[in-house]
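Here is a short briefing to read alongside the model. Have the viewer open, and take the topics one at a time.

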Amino acid sequence: MEQFKIFDSHFHIIDKKFPLVENNGFMPEEFNVENYKTTVKNLNVVGGAVVSGSFQEFDQSYLINALKILGEKFVGVTQIPSSISDEEIIKLHNCGIRAIRFNVKRGGSASIHEIESFGNRVYELVKWHTEIYIDSTNLKDLIPKISKLKKFSIDHLGLSKEGLEFLKKLVEKGGIVKATGFGRINFDPIKAIHELIKINPNSVIFGTDLPSTRAPIPFSENDVKKIINNFETNDIHNILLNNAKYFYNINI
């Protein structure tokens, strides 16, 4: 397999030295920075985004620690309450955090009802974008609100084939889609990615979704091969690296 550079736009670090909260009866297993590095050692990962999970709620300590270890080519995507002060947001920005996450699917984040005001607040303050974990079948009524965000993405290809039409509408409005969690979705990811990049060639960014918590089928290197074997070279570079570099505003 040809070694294309990868910006891993979506993975979790689970370090039990830091607070974890049971979510719907689920408590994740340890997956610290060293575990992550070992798992991706055969991939050409040159940077990435550590994403806070529902089981981490508003804890920032694990994320700040992980970013210190991973280095400047990695950024954080965090969950914070809308009551947070501007000063605290700026402190998090200085630690390498670059996005806010709304976890509609699992909880543990600020409310989706705050997404427009809160998402645009952090964008105006520190240019963070908004990332949304939601089943795309629930997007229909939220499209007007999400479309008012300055910059946003949807996780895991929206999860459901039945909501792809709503996902496409958001791509038409400038949204980014994470090609992550192939083992979570109920449709062919490659066909969907082709349809999305036909709308906007810069709309899709790849991520491993490691350690694939609660996914019926966990990430494997075959997920990367699917991208490499089914797209033209320029599109491969865009999906695996270039689109994410631009989205996260990181120099690699």
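The largest pocket of this predicted model is lined by His93, Arg98, Tyr123, Val126, Lys127, Trp128, His129, Lys151, Phe247, Tyr248 and Asn249. A pocket here is an open set of points on a 1 Å grid over the protein atoms alone, with protein on both sides within 12 Å along at least five of seven lines, and lining residues have an atom within 4 Å of a point. Being a predicted model, it is read with pLDDT of at least 70 for local features and 80 or more for side-chain atom pairs, while totals for chains, interfaces and linings use all residues. Residues are numbered from 1 along each chain as its sequence is written, and side-chain values use heavy atoms, leaving out hydrogens and water.

**Pocket and cavities**

- The volume of the largest pocket is about 160 Å³, where a volume is the space filled by probe spheres set on grid points joined across faces, edges and corners.
- Helix 4 (115-126) and helix 9 are the elements that give two or more residues to this lining; helices (H or I, at least four residues) and strands (E, at least two) are DSSP runs numbered from the N terminus.
- Sorted by class, the pocket lining has five nonpolar, three polar and three charged residues; Ala, Val, Leu, Ile, Met, Phe, Trp, Tyr, Cys and Pro count as nonpolar, Asp, Glu, Lys and Arg as charged, and the others, Gly among them, as polar.
- There are three cavities of 30 Å³ or more, a cavity being a set of points where a 1.4 Å probe fits but cannot get out.
- The second largest cavity has a volume of about 60 Å³; of its 14 lining residues, Gly181, Phe182, Thr208, Phe219 and Asp223 are the closest to its centre.
- That second cavity's lining comprises six nonpolar, six polar and two charged residues.

- An open sheet is formed by eight strands in the order 1-2-3-4-5-6-7-8, with parallel pairing; two strands pair if DSSP finds at least two bridges between them.
- Strand 1 (6-11) and strand 8 (204-206) are at the edges with a single partner strand each, so one side of each has no neighbour in the sheet.
- From one strand to the next, the twist averages 25°, with axes fitted to C-alpha atoms (for helices over the stretch in contact) and angles running from 0 to 180 degrees between N-to-C directions.
- Four bridges pair strand 1 with strand 2 (residues 45-51) in the parallel sense, and Asp8 stands opposite Gly48 in strand 2.
- Helix 9 (residues 233-248) packs on the sheet, touching strands including strand 1, strand 5 (129-133) and strand 8, and its direction makes about 110° with that of strand 8; contact means heavy atoms within 4.5 Å.

**Backbone details**

- Leu210 and Pro211 are joined by a cis peptide bond, with omega about 0°; Pro211 is in the loop between strand 8 and helix 8 (221-230).
- Lys127 has a positive phi, near 65°, and is not a glycine; Lys127 sits in the loop between helix 4 and strand 5.
- His156, another residue that is not a glycine, has a positive phi of about 50° and lies in the loop between strand 6 and helix 6 (164-172).

**Overall fold**

- The protein chain has nine helices and eight strands.
- Its C-alpha atoms fill a box of roughly 45 × 40 × 40 Å along the principal axes.
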